[in-house]
Amino acid sequence: MPKTFRENLREELDYQDMKVKELSVATGIPKPTLDCYLSARQVIPPADIAVKIARALNVSVEYLVTGKDEKSKSPAFIQINPETKSILTDLDSIPQN
């Protein structure tokens, strides 16, 4: 069964170690409103609010709604944090022998 907006939003907040209050500050959306989107009532925000949330989390609205992002399947759209990028660069510099 596909995940809901609420589940995808909660997982992304947990993954990014971001509190609802921090998301509220980043988006300008009141915390009680965000709490509604995370509640068991399964309220889905209007498109403009979903866009603000997605931008603040650096994910697509499609991902928040469906849990999938077709663009993320392409290597060109994979985001790598700076530490991982540094490690990969170091690994590339090691001779293959």
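In the predicted model, Arg 10 counts as partly exposed, with a relative accessibility of 33%, and its partner in a salt bridge is Asp 14, the closest N and O atoms of the two residues being 3.3 Å apart. Asp 14 likewise falls in the partly exposed class, at 49% relative accessibility. Because Asp 14 and Arg 10 are 4 residues apart in helix H1, about one helical turn separates them. Side chains of opposite charge can pair when their charged atoms come close.

A search of the whole structure returns 3 salt bridges, and the pair formed by Arg 10 and Asp 14 is one of them. Another links Lys 3 to Glu 11, with a distance of 2.5 Å between the closest N and O atoms. Lys 3 is partly exposed at 38% relative accessibility, and Glu 11 is partly exposed at 36%. In helix H3, Lys 31 and Asp 35 are 4 residues apart, about one turn of the helix, and these residues form a salt bridge in which the closest N and O atoms are 2.9 Å apart. Lys 31 has a relative accessible area of 36% and is therefore partly exposed, while Asp 35, at 31% relative accessibility, is also assigned to the partly exposed class.

The buried side of helix H1 was examined next. Within H1, the residues Phe 5, Asn 8, Leu 9, Glu 12 and Leu 13 are buried. When the helix is viewed down its axis, these buried residues fall within an arc of 130°, so they line one face of H1. The packing partners of the buried residues of H1 are H2, H3, helix H4, which covers residues 47–57, and helix H5, which covers residues 61–66. Beyond the helix, H1 is followed by Asp 17, a residue with a positive phi near 55°.

The largest nonpolar core comprises 16 residues, and those with the most contacts inside it are Leu 9, Leu 13, Leu 23, Ile 53, Leu 57 and Leu 64. Two or more residues of this core are given by each of the elements H1, H2, H3, H4 and H5, and the largest share, 4 residues, comes from H4. For Leu 9, when neighbours within four places in sequence are left aside, the residues in contact are Leu 23, Tyr 37, Leu 38, Ile 53, Leu 57 and Leu 64.

Over the whole structure, the search for aromatic pairs finds 1. This pair is formed by Phe 5 and Tyr 37 in an edge-to-face arrangement, with 6.5 Å from centre to centre and 85° between the planes. Phe 5 lies in helix H1 (residues 5–15) and Tyr 37 in helix H3 (residues 31–38), so the pair ties together parts of the chain that are 32 residues apart in sequence. Phe 5 has a relative accessible area of 4% and is thus buried, and Tyr 37, at 7% relative accessibility, also counts as buried. Glu 62 belongs to helix H5 and, at 36% relative accessibility, is partly exposed.

The side chain of Ser 24 reaches the backbone oxygen of Ile 29 at a distance of 2.6 Å. Not counting residues up to four places away in sequence, Ser 24 touches Ile 29, Pro 30, Lys 31 and Leu 34. Among these residues, Lys 31 is the one that forms the salt bridge with Asp 35 described above.

Key. Residues are numbered from 1 along each chain as its sequence is written. This is a predicted model: local features need pLDDT of at least 70, side-chain atom pairs count only at pLDDT 80 or more; totals for chains, interfaces and linings use all residues. Side-chain values use heavy atoms; hydrogens and water are left out. Rings of Phe, Tyr and Trp (its six-membered ring) pair if their centres lie within 6.5 Å; planes under 30 degrees apart count as stacked, over 60 as edge-to-face and the rest as tilted. Buried means under 20% relative accessible area, exposed over 50%, partly exposed in between (1.4 Å probe, protein chains only). A polar contact is a pair of N or O atoms within 3.5 Å; within protein, one must be able to donate a hydrogen and the other to accept it, and residues adjacent in sequence count only if both atoms are side-chain atoms. Contact means heavy atoms within 4.5 Å. The arc is that of the directions from the helix axis to the C-beta atoms. A nonpolar core is a set of buried Ala, Val, Leu, Ile, Met, Phe, Trp, Tyr and Cys residues joined through side-chain atoms within 4.5 Å. A salt bridge is a side-chain nitrogen of Lys or Arg within 4 Å of a carboxyl oxygen of Asp or Glu.
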